[in-house]
Amino acid sequence: MAGEREVVDNMEQFEPKILAFLCNWCAYAAADLAGVSRLQYPSNLRSVRVMCSARVDPVFVIKALKDGWDGVLVSG
Amino acid sequence: MDERKAAYIEYAQAVPLAFAIDPDTCIGCGLCEAMCLAKAINYDDTERRTTLSVGALILSPGSQGFDPSGLELLGYGRFSNVVTSEEFERILSASGPYRGHLMRPLDREGPRRIAWIQCVGSRDVNLCGNGYCSSVCCMYAIKEAMIAKEHSHGELDCTVFNIDMRTFGKDYEKYYQRAKDKSGVRFVKSRIHTIDEVRETGDLSIEYVDEGGELKRETFNMVVLSVGLRIPDSLLDLARRLGVEVNKYKFAATHPFSPVSTSRPGIFVSGVFQGPKDIPTSVTEASAAACAAATVLAEARGRDAKSIEMPVEIDVAEEEPRIGVFVCNCGINIGGVVDVPAVAEYAATLPNVVFTDQNLFTCSQDTQDKIKEVIKEKNLNRVVVASCSPRTHEQMFQETLQACGLNKYLFEMANIRNHNSWVHGNDPETATNKAKDLVRMAVARANLLKPLKEKRIPINRRGLVIGGGIAGMNAALGLADQGFEAVIVEKEAQLGGLARELTTTIEGEDIQAYLYELIEKVNQHKMIQVLTESLIVGFTGFKGNFTTEILVGPRMYERKIQHGVVIVATGANEYKPKEYLYGQDPRVMTQIELGKRLEVKGASDLKRVVMIQCVGSRNEENPNCSRVCCQSAVKNALHIKELNPDAEVYILYRDIRTYGLLEDYFTEARRKGVAFFRYHVDNPPVVESAREGVIVTFKDHLLQRDLQVPADLLALSSGMVPEDTEELASILKLPRNEEGYFIEAHVKLRPVDLANEGIFLCGTAHSPKLISETISQALAAASRATTFLSQPEIVLSAVTANVDQDRCAACLICVRACPYDVPRVNEKGASEIDEALCHGCGICAAECPAKAIQLNWYEDEQVLSKVEALLEGVL
């Protein structure tokens, strides 16, 4: 299946790839602010800006997981 | 409280967020100039004199916090754990010296008990000469106590020592009650004069007399001095040079009916230099000063403005994507962590990328010029910038595209700074990989972007003002004097509103004379139309293009008015008391009725007058403070004393709230023998009718016993209630609070805007306020409205939802989902979304089961392309 990954034997080495849908007005701004404040956090997250978290179609989430992302965060 | 480096940023939210050099700390080594990659430092820069020719001047120089070093008995500067409120703000701040951890300066221990001492440098004629109230300290002390409790790791006891708690602003009283009842902040009525240090512990000992007259002593770990606002001497010099008069406290002298005009025509004032005030009022006043200045400059509007010529848009819709990727180093902000050359090199391998480059600062003017050249030279039809946040820089880069004739929606950003290099600074390798991922996602979306057309709609330059009181008339004049037509809709037969009932201001200015003049001005203004006995029955449209249906006159002729903005100035009324025998005994009246009575009958027949404060305010039914009643009582008391010095006046109060410069009148009233007695809300005065007078019984706290006073007249300081606007609010879809006052878009940042675009608010429809404050707010609303009306047209964002009418099944899911009520099912039985009303959130696109709705720029495949782009990378 497309995007299917090798099963990681050792869970301790497992680094999940997380997709984040961030609302432009709050969560995306918060992620910007985290940068301005130099808050350090793990680099597993990739963000997609949307104008409102309501834009996130449940299909997007299912497709992301199906495509191989390990987790999806919808924040807004 | 902390050492500042020679190169510093003023504070975390400073605009522009750029470094400056502090000449007091700089040793002059010049290293920064040599090191700066952007060559942004001009080390030899000196002060320059510039001459500007202007038509009006606005003074907003602000104020300084009072320095309590001179008040030796408070121990500031001698005892480490006595700090000013400004220093305490820094202690609580995440960017402050203790990084937001609540600690006291002496030993960096977390305090368990903190005391706030109010009125340091305010309401004090004896020690510092500042007889005025600084207006802001009560609120900030409560706020500091609340935040301190949040920041404290253990239990924290907060005590605020005050003379009166002056929480007179909109909803401030509710905040005060919440601090007291929910957060457990303790409020003690006592003025503190002396603070002693406990040597061994660094704690502070405070001796005070409580309300019952008992001497008490308490120990605190830390004391915060709530310092007032003062005008620095340097401003006196400025005022002198400008020929602007100041009052005895060094605030700019203004007239109650022209609150933002200084003594010199063409020079206006806003903020604390006008008088002590908080942020919402300062922001409002700033807009008011802008309105006053714009009125003077009305003829010259736009004369010196330069417009940018945009080239004709190139049609690239049919072309294959040719993408240029510009990767930014952002000085060392990105380049210091991410391997930028590697990212640029990687970008070049992505589909349809025909050009890549890396820049030191992609946002700088020279890079913009370079990008423009490259766009033309390489025939780029999509641009990706990998740098900072689209929230701050997208618009700027889009303008660069437009300057080359490219549609602004053919642009995408990858945020490799805020979301990457800044947050993974310790891990350059993964940060570089993440930057590549983000660029790949951006390029994937760029491949699918389409040019979008923004709708331009002309603006109807007429303003509709609802309410013809002092607020509405001033707002209409604010529009009309700047050359915009105004229509006032008044439901009564005459203009004037509540002001028709008023006599004089506390300063002694004749309100009726002012009102007469104001009505004349409005009636004679050729740009103002007045509709009296008029009722709004319908309202449609959007900002710039509203249509309002009005029934006019006793015969209710229907009229439709088209206009671009609305100013809501529906006003308020005096509360008609149910308490204290009002309406049963003719000797019981409200302050407004007393004001009129004094005007007509004088006070020679009055031997004794009692006044009761907070009638219809600060109670369960109306938890707000009505703001104006304390000064009304003091005004009428002074008037009685002036007419009949032998008359006794008793004022029974809870807190006297003569804020700002009104405090002088309170002081004068006490000097003239007006007696003030505090009563508790749970033990209010008792009023009985008797032949010899109205008998008022209340408890005197100093004597600790009940006093009984027979009065010739009992005046009730009755609060304000907003005009009944339930129907209007539902027609215009405007939000109101529980008490019926309209809710502004943002208390501090947008104090006269309503959340509904193109609709503004002023006067007592917002909250109770004085005439001078009403005039300021009316001018502010007019200013906000004209800022919008002065544009020739509005450009609507193209990020809106589109319905594919053939696929729509009219299931109504979008109609129900839309938070703005935009989708409508049209006569063809399909959903239709008005792009002028659509906010572009995309909820309809997500909900539509038939996938008949797409959100421009965030189409399904454009969003999903980013999701899918991961696959192409190395997992």
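Modeller: Two strands pair if DSSP finds at least two bridges between them. Helices (H or I, at least four residues) and strands (E, at least two) are DSSP runs, numbered from the N terminus. This is a predicted model, in which local features need pLDDT of at least 70 and side-chain atom pairs count only at pLDDT 80 or more, while totals for chains, interfaces and linings use all residues. Residues are numbered from 1 along each chain as its sequence is written, and chains are lettered from A and ligands numbered from 1 in the order in which they are written.

Colleague: Which elements does chain A have?

Modeller: Chain A has two helices and three strands. Read from the N terminus, its elements run β-α-β-α-β. Of its 76 residues, 32% count as buried; a residue is buried if 20 or more other C-beta atoms lie within 10 Å of its own, exposed if 12 or fewer, and partly exposed in between, with C-beta atoms placed from the backbone.

Colleague: How is strand β33 of chain B joined to β32(B)?

Modeller: Five bridges join β32 (residues 686–690) to β33 (residues 693–700) in chain B, and the two run antiparallel. In this pair B:Glu688 has B:Ile695 as its bridge partner in β33(B). The two strands form a hairpin with two residues between them.

Colleague: What joins β33(B) to β34(B)?

Modeller: Seven bridges join β33(B) to β34 (residues 705–711) of chain B, again antiparallel. B:Thr697 stands opposite B:Gln708 in β34(B). β33(B) and β34(B) form a hairpin with four residues between them, and B:Gln704 in the turn has a positive phi of about 55 degrees.

Colleague: In what order do the four strands of the open sheet in chain B stand?

Modeller: The order is β16-β15-β17-β18, with parallel pairing. β16 (353–359) and β18 (411–415) of chain B stand at the edges, each with a single partner strand, so one side of each has no neighbour in the sheet. Neighbouring strands are turned by 15 degrees against each other on average, direction ignored. Angles here run from 0 to 180 degrees between N-to-C directions, and axes are lines fitted to C-alpha atoms, for helices over the stretch in contact. One pair in detail: six bridges join β15 (residues 323–328) of chain B to β16(B), with B:Val327 bridged to B:Gln358 in β16(B).

Colleague: Which helices lie on these strands?

Modeller: Helix α9 (residues 390–403) of chain B lies across β17 (382–387) and β18 of chain B, at about 145 degrees to β18(B). Helix α11 (residues 428–448) of chain B packs on the sheet and touches β15, β16, β17 and β18 of chain B; its direction makes about 165 degrees with that of β18(B). Two residues are in contact if their C-beta atoms, placed from the backbone, lie within 7 Å.

Colleague: How are two packed helices described?

Modeller: By the angle between their axes and the distance between the axes. Helices α12 (residues 470–480) and α18 (residues 771–789) of chain B have axes that come within 8 Å and cross at roughly 40 degrees. Their crossing is right-handed, a crossing being right-handed if the near helix is turned clockwise from the far one by less than a right angle, and left-handed if anticlockwise. Among the contact residues are B:Asn474 and B:Gly478 of α12(B) and B:Thr774 and B:Ala781 of α18(B). By class the contact has eleven nonpolar, six polar and no charged residues. Ala, Val, Leu, Ile, Met, Phe, Trp, Tyr, Cys and Pro count as nonpolar, Asp, Glu, Lys and Arg as charged, and the others, Gly among them, as polar.

Colleague: How many residues has the largest nonpolar core?

Modeller: It has 172 residues, and B:Ala475, B:Leu714 and B:Ala781 are among those with the most contacts inside it. A nonpolar core is a set of buried Ala, Val, Leu, Ile, Met, Phe, Trp, Tyr and Cys residues joined through C-beta atoms within 7 Å. Leaving out residues up to four places away in sequence, the contacts of B:Leu714 include B:Tyr580, B:Val610 and B:Val696. Another core, of 83 residues, lies apart from it and includes A:Phe21 and B:Cys844.

Colleague: How many residues does each chain give to the contact?

Modeller: Chain B gives 36 residues and chain A gives 35 residues. On the side of chain B that touches chain A, the elements giving two or more residues are α9, α10 (417–421), α11, α20 (843–847) and α21 (860–868) of chain B. That side has 19 nonpolar, nine polar and eight charged residues.
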